[in-house]
Amino acid sequence: MTETENIFIFVPNIIGYGRVILALISFYFMPTNHIIASWCYITSALLDAFDGHAARYFNQSTKFGAILDQLTDRCGTMCLLVTLSHFYPAYTFWFQLSMAIDIACHWIFLHTSLLQGKTSHKFIDMSENPIMRVYYTNRTVLFFMCAGNEAFYAALYLLHFTEGPILAGISLFRAILLLSAPVALVKTILSLIHGYVACINLGIIDVKEREQQRKVK
């Protein structure tokens, strides 16, 4: 008799649980202690690379692990933005908009991707575009985009407490903020494109399903 695998104790998923714990500690200290909060947040983010490597090394890739990874990323960024809304109330709307775009576009993209896997319709494939193909297939580019986006919000967070070391007449955290701002903007535009294309593909699924329903009747 074959034993059933317990995917919840796979190595990458255990790393994922560690990420969640570190994120929760970071959330707790965000309003008061930027040192503890920053170290926990950064460590949780860095472990994102390790769980993916572990999943490939041990052949333990799971849908649960992928969803856990996505939820940890989305919730981490969202809670950081909630804190930034408290620190910079004049920009609350923009932080809210960023959260809405991030959550909505990722959700509809993932949901539509699952539905696409169950059908044989012709969908819009963004990887057919040479620029988007680099984004999808080059891990370095993907890491740079995600890291740049996180660096922008992290720099905003740290600047509330300190300017950091001064280098060449400008503080380190302010320099990171200025350099990462264009990356964060491009990342937001890409999220909107993902969301738009996902809506178009979801519409294709709806049209085909309605056609099939009419044939049955």
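Which residues make a nonpolar surface patch of about 380 Å²? Hold that thought while I say what we're looking at. This is a predicted model, so local features need pLDDT of at least 70 and side-chain atom pairs count only at pLDDT 80 or more, while totals for chains, interfaces and linings use all residues. Residues are numbered from 1 along each chain as its sequence is written, and side-chain values use heavy atoms, with hydrogens and water left out.

Okay, the patch. Phe 8, Ile 9, Ile 14 and Phe 64 make it. Patches here are built from residues with over 30% relative accessible area and no salt bridge, joining like charges within 9 Å and nonpolar side chains (Val, Leu, Ile, Met, Phe, Trp, Tyr) within 5 Å. The areas come from the Shrake-Rupley method with a 1.4 Å probe, and for residues only the protein chains shown count as cover. Ile 14 sits in helix 1; helices (H or I, at least four residues) and strands (E, at least two) are DSSP runs, numbered from the N terminus. With a relative accessible area of 46%, Ile 14 is partly exposed. On that scale, buried means under 20% relative accessible area, exposed means over 50%, and partly exposed is in between, with a 1.4 Å probe and protein chains only.

Now for the charges. Side chains of opposite charge can pair when their charged atoms come close. How many salt bridges does the structure hold? There are 5, each one a side-chain nitrogen of Lys or Arg within 4 Å of a carboxyl oxygen of Asp or Glu.

Take Asp 73 and Arg 19, whose closest N and O atoms are 2.6 Å apart. That pair links distant parts of the chain, with Asp 73 in helix 3 (residues 63-87) and Arg 19 in helix 1 (residues 11-29), 54 residues apart. Both Asp 73 and Arg 19 are buried. They also belong to a salt-bridge network with Asp 48 and Asp 69. Asp 69 is in helix 3 as well, and it is buried at 18% relative accessible area. Setting aside neighbours within four places in sequence, Asp 69 is in contact with Arg 19, Asp 48 and Asp 51, where contact means heavy atoms within 4.5 Å.

Next, Asp 102 pairs with Arg 74, at 3.0 Å between the closest N and O atoms. Asp 102 lies in helix 4 (residues 92-116) and Arg 74 in helix 3, so this bridge ties together parts 28 residues apart in sequence. These two are buried too.

Staying with helix 4: its 25 residues reach 36 Å from first C-alpha to last, close to the 36 Å expected at 1.5 Å a residue. That expected span is 1.5 Å times one less than the number of residues. Its buried residues include Phe 95, Met 99 and Asp 102, and what covers the buried residues includes helix 3, helix 6 and helix 7.

Last stop, the inside. Which residues touch the most other members of the largest nonpolar core? Out of 19 residues, they are Leu 80, Leu 84 and Tyr 157. A nonpolar core is a set of buried Ala, Val, Leu, Ile, Met, Phe, Trp, Tyr and Cys residues joined through side-chain atoms within 4.5 Å. Helix 6 gives the most to this core, with 7 residues. Beyond its neighbours within four places in sequence, Leu 80 is in contact with Met 30, Tyr 41, Tyr 153, Ala 154 and Tyr 157. A second, separate core of 7 residues includes Met 126, Tyr 135, Val 183 and Leu 190.
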